[in-house]
Amino acid sequence: MNAARVGIITFPGSLDDKDAARAVRLSGSEPVALWHGDHDLQSVDAVVLPGGFSYGDYLRAGAIARFAPLMTELVAAAGAGLPVLGICNGFQVLCESHLLPGALLPNAGLHFVCRDQRLRIENADTAWTSDYGEGQELVIPIKNRDGRYTADRETLNELADSGRIVARYVDLNPNGSLDDIAGICNEAGNVVGLMPHPEHAVESLTGPSTDGLGFFTSIVKRLVNA
Amino acid sequence: MARVVVDVMLKPEILDPQGQAIARKLPQMGYDGVVAVRQGKRFEVELEGDADEAALERVSKIAETLLANPVIENYEVRVL
């Protein structure tokens, strides 16, 4: 079978699209560069929304990117089951698009946070986390200004009860996220938002670990076995 | 030409660390008696025509879909 094709959307202000493409390639799938201004997902098998500051984070992080032309196709495809991983700014875009509940607000400490962060995988059944074990701990970088996950109590309870909290911060909550939430998924489990950056932890030369690879190998296995 | 103001505020239950930082500074500046500060955003929207009912409805739609995120924020529309 041909390699799975994973699209990475570049917005004006995206920073981590190249790193995401590299992580996709290292995991055995083919990265496909997608442009925010097009209306064509190029028949990819999955999509990564990368980190950065799309549209300068003007207004609110992700608020303007949500209305990029390609997002029309992405929202429809995600609703139909296309696996989508939003990392950092990508997570913010997914929340603004209402593909995921809640919102990401400025860090409680008001500082930009950049550190190697310990996480615990809480749900190893999503399209993007099946290569991990439930309860597995990872160390991957986090770097954000607007990373404080917020939702009303009812939504938080629903996320917890339905197993939709994908990852939680361990040891230290870097941004004041409610319930230590680092990542969540939609009901179907195909759309995952994650604040830390697995694509920066795929090679020991440049990352604190290679713990991030699992997100990308998970999707490759999912697609190959589909 | 009419000017319409949209005020956007974080919902009361949502933590506003920027407002807290401002409030903490006030006593050091000699301003006593302030219990709390909440920081919001104000948008001034200029319209081609009059701020009639239809125009205000359109501005409300803009506020709801772009200027505010109703998950975390409330907004108010008024004619300046």
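Reply: What follows takes several labels and sets the value behind each against its criterion, bearing in mind that the model is predicted.

Me: How do you know how confident the predictor is in chain B and in the complex?

Reply: Chain B averages a pLDDT of 96, and 100% of its residues score at least 70, which can be set against a scale that runs from 0 to 100. For the complex, the predictor gives an ipTM of 0.89 and a pTM of 0.95.

Me: Why does the radius of gyration of chain A agree with a compact globule?

Reply: The rule is 2.2 Å times the number of residues to the power 0.38, and for 226 residues a compact globule would therefore have a radius of gyration near 17 Å, with which the 16 Å of chain A agrees. Along the principal axes, the C-alpha atoms of chain A fill a box of roughly 45 × 35 × 35 Å, and buried residues make up 54% of the chain.

Me: Why is A:L110 called exposed?

Reply: A residue is exposed if 12 or fewer other C-beta atoms lie within 10 Å of its own; A:L110 has 12 such neighbours, so the residue counts as exposed. A:L110 lies in the loop between β5 (103-105) and β6 (113-121) of chain A, and its phi is near 65°, a positive value in a residue other than glycine.

Me: What makes A:D171 buried or exposed?

Reply: Here the count is 12 other C-beta atoms within 10 Å, and therefore A:D171 is exposed. A:D171 is placed in the loop between β9 (165-169) and β10 (181-185) of chain A, with a phi near 75°, again a positive value in a residue other than glycine.

Me: What makes β2 and β7 of chain A the edge strands?

Reply: Nine strands of chain A form an open sheet of mixed pairing, in the order β2-β1-β3-β4-β11-β10-β9-β6-β7, and β2 (30-35) and β7 (137-144) of chain A are its edge strands, since each pairs on one side only. From one strand to the next, the twist averages 25°.

How values were computed: Residues numbered from 1 in each chain as written. Chains lettered and ligands numbered in written order. Predicted model: local features only at pLDDT ≥ 70, side-chain atom pairs only at ≥ 80, totals over all residues. Pairing = 2+ DSSP bridges. Helix = DSSP H or I, 4+ residues; strand = E, 2+ residues; numbered from the N terminus. Axes fitted to C-alpha atoms, helices over the stretch in contact; angles between N-to-C directions. Buried ≥ 20, exposed ≤ 12 C-beta atoms within 10 Å, placed from the backbone.
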